[in-house]
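Okay, thanks for coming, everyone.

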Amino acid sequence: RLFGSVTNYDIVEALKALGHEVERSQVRMPTGALKQVGDYPITLDLHADVTATITVSVLGATVS
């Protein structure tokens, strides 16, 4: 379980860090924000007829 959640903004920022430009409105999260550790399929609506599915891995961090 996470102390926060992963939102479409977080996904856009992670993709930007990898060199991919995606708008928040293009990220489809059918179950809403991600609140648990795991792998989640996320759909990107890149164009009217073009969609892509990516896997987002949510990892827990240890606090020391």
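Let's start with charge. Counting side chains, the protein carries 5 positive and 7 negative ones, and the centres of those two sets sit 10 Å apart. Do keep in mind that what you're looking at is a predicted model.

Now the overall layout. There's one helix, plus three strands, and reading from the N terminus the order goes α-β-β-β. If you take the C-alpha trace along its principal axes, it spans about 45 × 25 × 15 Å. The accessible surface is about 4,900 Å², with 52% of that belonging to carbon and sulfur atoms. Of the 64 residues, 20% are buried. And for contacts between residues at least 6 apart in sequence, 27% link residues at least 24 apart.

So what's on the inside? In soluble globular proteins, nonpolar side chains tend to be buried together. Here, the largest nonpolar core has 12 residues, namely V6, I11, V12, L15, V22, V27, M29, L34, I42, L44, V56 and V58. The elements giving two or more residues to this core are α1, β2 and β3, and α1 gives the most, with three. Have a look at L15, for example. Setting aside neighbours within four places in sequence, L15 is in contact with H20, V22, L44 and I54.

Next, Q26. You'll find Q26 in the loop between α1, which is 8–17, and β1, which is 27–28. Is Q26 buried or exposed? Its relative accessibility is 17%, so Q26 counts as buried, the cut-off for that being under 20%. Beyond neighbours within four places in sequence, Q26 is in contact with T43, L44, D45 and L46. With L46 there's a polar atom of the Q26 side chain lying 3.4 Å from the backbone oxygen of L46.

Last stop is D39, over in strand β2. This one counts as exposed, because its relative accessibility is 57% and the cut-off is over 50%. Which residues does D39 contact, leaving out neighbours within four places in sequence? Those are T55, V56 and S57. S57 is the one I'd zoom in on. D39 and S57 are 18 residues apart along the chain, yet their C-alpha atoms are separated by 4.3 Å.

Okay, that's my tour. Over to you.

Notes. Residues numbered from 1 in each chain as written. Predicted model: local features only at pLDDT ≥ 70, side-chain atom pairs only at ≥ 80, totals over all residues. Heavy atoms only, no water. Helix = DSSP H or I, 4+ residues; strand = E, 2+ residues; numbered from the N terminus. Buried < 20%, exposed > 50% of the residue type's maximum accessible area, 1.4 Å probe, protein only. Polar contact = N/O pair within 3.5 Å; in protein donor to acceptor, adjacent residues only side chain to side chain. Contact = heavy atoms within 4.5 Å. Areas by Shrake-Rupley, 256 points an atom, 1.4 Å probe, with all protein chains shown as cover. Lys, Arg positive; Asp, Glu negative; His and termini not counted. Charge placed at Lys NZ, Arg CZ, Asp CG, Glu CD. Core = buried A, V, L, I, M, F, W, Y, C linked by side-chain atoms within 4.5 Å.
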